[in-house]
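Student: I've just loaded this one and would like to talk it through with you. Can we look at it together?

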Amino acid sequence: MRKIKLILILLICCSLITGCAETKILERISLVTLIGYDNGDEDKVTATTVVRQINPEFESRVETQTETEATSKGTRIKVDMKTAKKLAAGQLRVVLYGEELAKQGIEESIQTLLSNSEISTSVYLAVVRGESKTLIEQNYEGISDIGQHLYNLIDHNIEQQQLISSTLHEIGRDNQSKVRNFALPILKKEGQFIGITGTAFFNKGKMVGELPSSDISYLVLICDSFKSGTLELSLDSESISPTVETKGDTLNLAVDSIKSKSIIKVTDAKKNEFDLNILLKCRLLETSNKIDISDPKVNKTIEKAMNEKIESEISRIIKYTKEIESDIFGFGEEYRSQVRGANLTEEKWMEMYKKMKLNINVDVEIIRNGVYE
Amino acid sequence: MKSLLQISNDQKFNAPLLFFVVVTSQIAVGIQGFQRLIVKDATHDAWISILLSFLFSHFIVYVMFKTLEIYSTNDLFGIQLDLFGKYLGHLINFSYVIYVSFAFFVVLKNYTEIITTWVFPNLSQVFISGTLLILVIYSFTGGLRVIIGVCFISVVSTIWMLLLLLFPLEYAHYNHLLPVLSNDLVSILKGAYSMTFTIVGFEVVNILYPFVKDKNKAQKYVHFGLFFTCFVYVFVMIVTIVYFSNEQLEKTIWALLTLFSIIKLPFIERIEIIVICFWLIIILPNLCLFSWSAYRGIVRIKNIKGTTFIWIFTILIFFVSLPVQSRHDINRINNIFSKIAFYVVFIYPLFLYIMASTKKILKKWVKSS
Amino acid sequence: MFGMKKIRKINKSNDSSAKTEAKHIKIPSSKVEFIEKLKEITHSPADLMIKEISDTITIIYVDFLIDVNTLNEQILPTLEKTDCATPRIIKESLLVAEVDLGSELNKCVLEMLIGAVLIHVEGNSELVIAKISAYQTRSLTTPENESQVIGSQIGFNESLATNISLIRRYITNPNLSNEKYVIGKETNTSLSVLYIKGIASEEYVNTVRQRIIDLDVSDILDSAILTELIDDNSLTIFPQMLLTERPDRFCDGLLSGKVGIVVNGSSMAILCPYTFFEFFQSREDQNLRWPIATFLRLLRFSAILISIFFTPIYVATLTFHYEVIPQPLLVPLSESRAIVPFPPIIEALFLELIIELLREAGARLPTKVGQTIGIVGGIVLGTAAVQAGITSNILIIIIALCALSAFTTPNYVMGNVIRILRFPIIFLAGFWGFYGIMFAFCLLIIHLLRQSSLGAPYLQPFYPPRWKDMADSVIRLPLPFINRQPILTSRKVNDKASNNNSSNEEKMKQS
């Protein structure tokens with residue numbers, strides 16, 4: 001009897017409330033895979049969305065919609081009015097910001113993205129040279145879905161350590177942190193292709209500077225452990241002569257990192273002095289000149305020259321970031337964690353960062369070269 | 001002593017199962033958002049706060065068992081009746097029942113809130129509480145054996161989630177944990193105090209004690225259980241601290257779910273949606289244990305059948321839960337609950353122990369003189 | 001002690017009930033009267049044979065039920081030789097194994113209907129009952145529903161005597177107890193309760209006895225009906241007793257302390273108590289090397305999960321949780337769904353229904369035609385459905401996987417359960433997504449926790465956890481690690497221990 005009663009009540013419950021959950025059937029929604037934000041008129045923001053539509057003809061069509069409105073939700077409503085199917089942002093992969101907007105600040109936008117439970121925190125953010133709208137709306141040959149294409153582009157470059165990881169989570173974390181700033185990759189339309197041309201540096205959510213893509217390897221070297229990236233160096237012939245002879249002024253090298261470790265140490269908290277030790281074990285892939293690497297002497301010289309070269313490059317980059325007041329490497333974080341009672345505030349740290357003294361110490365070790373000597 | 005319990009062997013369960021009971025009772029909705037509360041005071045030393053709070057819980061469990069051992073086979077309600085006399089005892093028993101029902105209500109409401117914010121924004125809260133209560137009724141009417149079984153299966157079937165937490169470590173900044181102990185003791189203790197909401201639940205042992213088969217082993221397994229949950233909480237906390245920045249964490253309401261949201265597996269993404277739905281089986285034993293404790297208390301006051309009780313109980317809870325809808329309300333309720341729970345779980349047992357032991361000494365003294 | 005008392009009580013009540021039911025009819029001593037009376041009771045059927053051997057001696061039997069050879073060669077010559085007229089002398093002089101004296105007409109008639117010759121002697125109110133029953137049985141064949149590659153290839157048939165002899169061949173042991181019962185008011189079906197004394201727990205034997213005696217039914221035509229009648233909970237979808245047609249499996253059960261029931265006329269024997277996990281074990285697991293057996297068992301258990309939850313997960317994902325689909329899967333999934341006009345729940349139910357229909361059609365048709373139907377129907381219907389745009393081809397794969405997984409369950413009854421369970425869960429998934437699935441999952445678990453088999457928890461050894469018995473449950477460890485008498489069936493020992501405990505406690509209290 002008890003069981004019958006239970007089943008009855010279950011049925012009543014079910015029938016009473018059936019259909020209350022809102023369905024989002026996969027092929028009946030428009031999946032937003034990419035959003036680009038640009039500066040609109042006055043205070044408004046222009047949003048360009050890439051929407052994947054699924055047609056009965058066994059192929060998916062990609063639509064782009066552009067709307068200008070004061071809030072991002074406002075633009076969403078407007079786009080919704082233009083698409084045949086309900087918009088759903090759960091499959092959003094990449095968010096782009098136009099250069100102009102990035103310079104004005106993207107802090108609020110990041111906040112909005114973070115608080116939306118529909119959007120994953122693994123979304124990639126990037127800055128577009130010029131307007132994101134023009135980049136998205138262009139028809140590219142061989143790119144059927146620009147949303148997916150950009151996602152793959154950024155994803156595989158991050159995996160190969162040719163980019164600093166820029167997921168929404170990391171950006172949100174560094175943006176809110178008092179002692180850290182963040183950087184985003186810069187995308188640029190290059191004819192029929194889209195390329196990564198550099199890194200944009202931010203401070204308080206505003207883009208304050210940039211470095212070209214050739215410097216990205218050094219950035220990764222400082223920030224992360226560099227495991228799979230390739231580093232291209234051109235050594236001055238003076239630094240390696242007379243042990244190694246070169247044809248021109250420079251010796252160009254490409255090394256493939258196997259393992260790297262970067263350690264930031266506060267050596268003197270009062271004097272604001274830091275040590276940056278980088279250990280890089282690598283494989284020599286390519287040289288512009290024929291050199292006899294099996295000779296330990298040559299090996300030593302090249303390693304030494306590489307050390308100097310990397311050190312100078314890094315100090316150049318850090319000097320630049322000091323100028324633009326953007327600490328993306330987490331020196332502040334290290335200071336906070338290594339110095340007791342640091343009590344850093346955002347302003348205080350910026351002052352300190354500008355005056356920071358940094359001893360860079362790079363130790364390159366060439367472990368092997370190819371299969372042929 | 002008229003308050004002695006007669007429990008047949010069939011109703012009893014083996015002491016090792018207490019481990020699972022303690023683990024499930026401590027891990028419920030609290031773990032999804034406890035990080036922010038503790039980090040607010042203790043910042044990156046939050047894990048020390050957790051250790052401290054668990055240390056204190058171990059002590060409380062020790063005291064609890066000392067009290068229970070004085071009475072050999074009796075539960076909290078019987079002890080209260082014996083200590084405070086008939087009228088005051090019943091009053092205190094009833095307020096304990098109210099406390100337990102409140103705990104039930106808090107778990108129910110918080111879970112409903114999570115479901116509606118993350119998975120089904122439009123699903124009516126009536127439906128969610130309705131389905132949960134059906135599950136509670138069904139397991140309750142199966143008796144204690146089924147309830148303990150639900151606890152056991154809940155732990156066994158959800159342990160894999162801990163492994164998932166290794167994925168976010170890809171984005172970890174381990175220096176977030178340093179410098180260790182940079183906060184003063186007061187803020188760390190404050191953090192430990194904030195753990196109350198999350199850590200409570202093990203007080204059901206007070207009521208389950210007479211139903212344990214080999215009582216001399218019971219305490220050991222309760223301590224084991226506490227130890228395990230302590231490990232879980234510290235692990236979750238450390239992962240959270242290294243994953244989030246301090247400032248970000250203070251704004252993240254359900255840090256655990258946000259942690260899950262970055263995980264990508266080849267066949268599945270956005271694991272937090274699955275985890276939230278899976279959480280149903282984590283909160284179910286809590287609801288069952290709380291409703292069962294309430295029943296044990298009510299039975300002392302008025303002897304009613306379990307089936308009748310659970311129907312009345314769930315229907316009452318159902319109607320009480322209807323008006324509470326907004327995040328604001330739920331936050332306020334959580335705050336009130338954690339304040340009450342602190343006194344009920346952490347202060348009251350000490351008081352009870354002092355009472356019980358003085359009574360014992362007095363009795364001996366009266367006898368001998 | 002307690003058990004013994006119970007049995008005695010049961011016997012008493014049994015006797016009294018028998019008395020009230022069948023009126024005690026004395027056997028008339030005169031021949032004519034006796035024959036009349038007999039005809040009255042049996043309504044003089046066409047196959048009732050009455051032969052008057054001499055003036056005093058009459059024999060009565062039912063044609064085709066007895067062994068005619070024995071009658072002709074043993075009984076008739078003896079009867080002709082002996083003129084002396086007491087049944088007792090006849091009984092002693094007959095060279096037949098089973099001979100009895102009966103003084104109650106009703107009982108004698110029952111014996112006759114089983115296959116005995118009744119010998120009436122003028123002037124005596126006792127009958128000689130010579131049991132020489134013989135009837136046609138199917139020859140022993142391989143068990144068709146529980147086939148296995150390695151192991152014995154013999155199955156039970158419909159004869160109780162043959163089945164018991166088969167079992168005795170496996171277990172040559174004086175402790176193998178055989179208790180005979182006759183139930184069913186109309187059919188008088190005989191059944192045997194078998195167990196090994198000293199291994200089987202008295203508690204379970206008593207429970208089985210009690211339940212069989214308490215039965216008040218008109219007929220039992222098959223052991224499957226009996227299981228439903230004596231189950232702990234006959235409302236649940238899950239079987240709580242095993243029906244097996246393999247004598248080796250049956251004996252394996254007896255040896256591990258279970259109680260067996262063999263019913264006359266049924267080729268399936270019952271084993272109880274049986275737990276949920278044992279239904280997914282095959283006898284063959286014991287015959288294979290342990291790593292292989294463990295792998296197969298794990299495969300089977302994952303197959304259950306796949307079979308129950310895979311289609312619902314598909315439905316839930318496509319209806320509500322599009323976020324969880326990883327990017328590489330998104331395009332193929334959505335494109336295959338693009339031309340389907342129905343929501344996923346209808347699509348899935350439709351395909352599941354087709355599979356069920358195919359299976360049912362295959363089961364009802366003769367074996368060879370059935371197989372063809374299965375293959376042709378599956379391929380043709382599936383392809384056509386995809387081409388017509390009624391279902392997506394990814395769903396076809398999923399449904400096929402689910403169906404395949406369901407058929408790995410070694411037990412037919414449990415296999416049915418696993419297949420049917422999917423349907424309500426698909427509904428829940430279609431309405432409330434993962435939440436619905438989890439709701440069903442919890443409901444299922446609570447339901448399983450509530451079940452018991454002869455009072456033993458249904459989910460043993462998983463819950464309550466019995467670590468020692470785990471060696472032969474979801475996995476199978478090498479034989480030396482396996483406890484032949486699991487805690488499940490040797491509960492007596494357990495109870496003793498706990499009783500000691502509680503008595504200790506009492507002592508402590510007193511002191």
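Student: Which residue does A:Arg129 form a salt bridge with?

Tutor: A:Arg129 pairs with A:Glu210, and the closest N and O atoms are 2.3 Å apart in this predicted model. A salt bridge here is a side-chain nitrogen of Lys or Arg within 4 Å of a carboxyl oxygen of Asp or Glu.

Student: Where in the chain do the two partners of that pair sit?

Tutor: They link distant parts of the chain, 81 residues apart. A:Arg129 is in the loop between S6 and helix H5 (132–137) of chain A, while A:Glu210 belongs to strand S9 (residues 206–212) of chain A. Helices (H or I, at least four residues) and strands (E, at least two) are DSSP runs, numbered from the N terminus.

Student: And how many salt bridges over all chains?

Tutor: The count comes to 42 by this rule.

Student: Is the peptide bond from C:Gln460 to C:Pro461 cis or trans?

Tutor: That bond is cis, with omega near 0°. C:Pro461 is in the loop between strand S12 (456–457) and helix H17 (491–510) of chain C. The bond from C:Tyr463 to C:Pro464 is cis too, with omega near -10°, and C:Pro464 also lies in the loop between S12 and H17 of chain C.

Student: Staying in chain C, how do helices H13 and H14 pack?

Tutor: H13 (residues 344–364) and H14 (residues 367–388) of chain C pack at an angle of about 160°, with their axes 8 Å apart. Those axes are lines fitted to C-alpha atoms, for helices over the stretch in contact, and angles run from 0 to 180 degrees between N-to-C directions. H13(C) is therefore roughly antiparallel to H14(C). For the labels, under 35 degrees counts as roughly parallel, over 145 as roughly antiparallel, 65 to 115 as roughly perpendicular and the rest as oblique.

Student: Which residues in H13(C) and H14(C) meet?

Tutor: On the H13(C) side, C:Ile354, C:Leu358, C:Ala361 and C:Gly362. Their partners in H14(C) include C:Gly370, C:Gly374, C:Gly377 and C:Leu381. Contact means heavy atoms within 4.5 Å. By class, this contact has five nonpolar, five polar and no charged residues. Ala, Val, Leu, Ile, Met, Phe, Trp, Tyr, Cys and Pro count as nonpolar, Asp, Glu, Lys and Arg as charged, and the others, Gly among them, as polar.

Student: Over to chain B: at what angle do H2 and H11 cross?

Tutor: H2 (residues 34–42) and H11 (residues 215–243) of chain B cross at roughly 70°, and their axes come within 11 Å. So H2(B) and H11(B) are roughly perpendicular to each other. B:Phe34, B:Gln35 and B:Val39 in H2(B) meet B:Tyr233, B:Val236, B:Met237 and B:Thr240 in H11(B).

Student: Last topic, confidence. What is the mean pLDDT of chain C?

Tutor: Chain C has a mean of 82, and 90% of its residues reach 70 or more; pLDDT is the predictor's confidence in each residue, from 0 to 100. Helix H1 (residues 2–21) of chain C has the lowest mean among its elements, 40. Over residues 1–22 of chain C the pLDDT is below 50, and this stretch has six contacts beyond near neighbours in sequence. Where pLDDT is low, the predicted coordinates should not be read in detail.

Student: And which ipTM and pTM does the model score?

Tutor: ipTM is 0.93 and pTM is 0.88.

Key: Residues are numbered from 1 along each chain as its sequence is written. Chains are lettered from A and ligands numbered from 1 in the order in which they are written. This is a predicted model: local features need pLDDT of at least 70, side-chain atom pairs count only at pLDDT 80 or more; totals for chains, interfaces and linings use all residues. Side-chain values use heavy atoms; hydrogens and water are left out.
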